[in-house]
Amino acid sequence: MKKIAFFDTKPYDRYWFDHFNQHYEINYFESKLNEKTAQLANGADAVCAFVNDTINAQTIDLLNQYGVQVIAMRCSGYNNIDMKAAYKKIHIVRVPIYSPYAVAEHTMGLLLCLNRKIHRAYNRTRDFNFSLNGLTGIDLHNKTAGIIGTGNIGRIFLDICRGFGMKTIAYDPYPIANAGITYVDLPTLFKESDVISLHCPLTDKTYHILDSQAFAQMKKGVFILNTSRGALIESSALLKALNQEIVRGAGLDVYEEEADLFFEDFSGSIIKDETLALLVSCPNVLLTSHQAFLTEEALSNIVHVTLKNLDSFFSGEVLENEICYYCEDGKNTENCKRKKGERCF
Ligand code: NAI
C-alpha cells in the first residue's frame, strides 16, 4: 500500500478523504508542510499539501531525500511551491478545477454582504437594535464590474455580475477570443469600475497588482474583492485607500500574510500583524479565511481528482494535472512535454 503524508489536515479533509480513499495508507498531520516538518514525510511515497504549506527548495530537497516522489496539491494554486527547485526532483500534480462556482458565488456573497451591510445588520438585530442608520448601500444594477483574470472563476463571476444587471469589463493578458467579454487595459479598468474583482493567479507579474498607484487611478467609492491570493493586493495601500474613502469596501477571502494565521483559531490571542488588525477593525472590510472553495461539491471533487492524480502517478500514466517549472503558467506550449503526451520529466 502506497503511503501518503497528508499535511495541514482539517477535520473536513479527513472526513472526505477517508470516505473515498480505498487503497492508500494516509497519515494525517495537522502541521503545515515546511522545512521543519518535512521529516514527517520520511518513508512516504507521496505528500498531499495545501495552499499555505511552504514548499520551498529546502522542503523539496528534504522530501526528495526521504523518497517522496510526488506532491499532490489538493488545490489549484501553487504559488507556494518553488517550481524550479522541484523540477526533475519531485512531480507536482494539482486539482486545476474543483468548483469555480463555489469561489465565484462566495465572491458575490462578499459583495452583497459588504454593500448592504448585512454583517452589521445581523449583529444589530441580535441585540434587538433595529436602527437602519449607517446601513445604506448602492444598487449594483447598471454599475460596472471590472474583472482581472477571465479564467474559470473570473468568467463565472462575470456572468453572475451580468445576472445582477451590471456592466462588465475585464483585463487578462490572454483574452479569450469571441467570448463576448469586453477587454480593456488595466488603467481603463481601474478608472471605470465600481467593483474590482481579482481572479488571476499570483505570479511575479501580478504581485501587488493593486498597489498605491493602482488605487490612485480608481473611481472614488469602488468595492475591492479578492478571492484569489492575498499578495495580489498591497495591504498597506488598501488600508490607505480605505482611509481616503477611495475604497468603499473590501471583501477579502485571502490576505498576503495569511500563511501563519488562516485556518487556525486565534480568538484568544493578540494578533501581532497590525495591518491585519486594522483591516479587520474597519466596518467596511469583510474578511473570510480562505473559505471561498468550501462547498460539499468542491471538497468531493478535490478528493476524487487528488486520488486520481495519485493513481495515475503510481500506475505510470501521463499526468493530466501535472505542472512544472516549464509549463507552470499553462501557456508555454513550446517546452511543455505534457502537451505532447509525456510527463513533465
Ligand atoms: P484560471 O487559471 O482558470 O484563470 C486565471 C486567469 O488569470 C487566466 O485567464 C489567466 O490568463 C489570467 N492571468 C494570468 N496572468 C494575469 C495577469 N497578469 N493579469 C490578469 N490576469 C492574468 O484560474 P481560476 O481557477 O479561475 O482561479 C483563479 C485564482 O483563484 C487562482 O489562481 C487561485 O489563486 C484562486 N483560488 C482561490 C480559491 C479560494 O478558496 N479562495 C480557490 C481556488 C482558486
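Burial. I began with how much of the chain is hidden, and in this predicted model I found that 50% of the 345 residues in the protein are buried, where I took buried to mean under 20% relative accessible area.

Secondary structure and overall form. I counted eleven helices and twelve strands in the protein. The radius of gyration is 21 Å, close to the 20 Å that the globule rule gives for 345 residues, and I therefore wrote the protein down as being as compact as a globular protein of that length. For its extent, I recorded that the C-alpha atoms fill a box of roughly 60 × 50 × 35 Å along the principal axes.

Domains. I next looked up how the protein is divided, and found domain 1, made of residues 2-98 together with 296-340, and domain 2, which covers 100-287. Their centres, taken over C-alpha atoms, are separated by 29 Å, and where the two domains meet, 13 residues of domain 1 are in contact with ten residues of domain 2.

Contacts along the chain. Among the contacts in the protein with a separation of 6 or more, I noted that 63% come from residues 24 or more positions apart.

Charges. Last, I checked how the charges are placed, and found that the mean positions of the 35 positive and 41 negative charges lie 4 Å apart.

Conventions
Residues numbered from 1 in each chain as written. Predicted model: local features only at pLDDT ≥ 70, side-chain atom pairs only at ≥ 80, totals over all residues. Heavy atoms only, no water. Helix = DSSP H or I, 4+ residues; strand = E, 2+ residues; numbered from the N terminus. Rg over C-alpha atoms; globule rule 2.2 N^0.38 Å. Buried < 20%, exposed > 50% of the residue type's maximum accessible area, 1.4 Å probe, protein only. Contact = heavy atoms within 4.5 Å. Lys, Arg positive; Asp, Glu negative; His and termini not counted. Charge placed at Lys NZ, Arg CZ, Asp CG, Glu CD. Domains from an automatic or database assignment.
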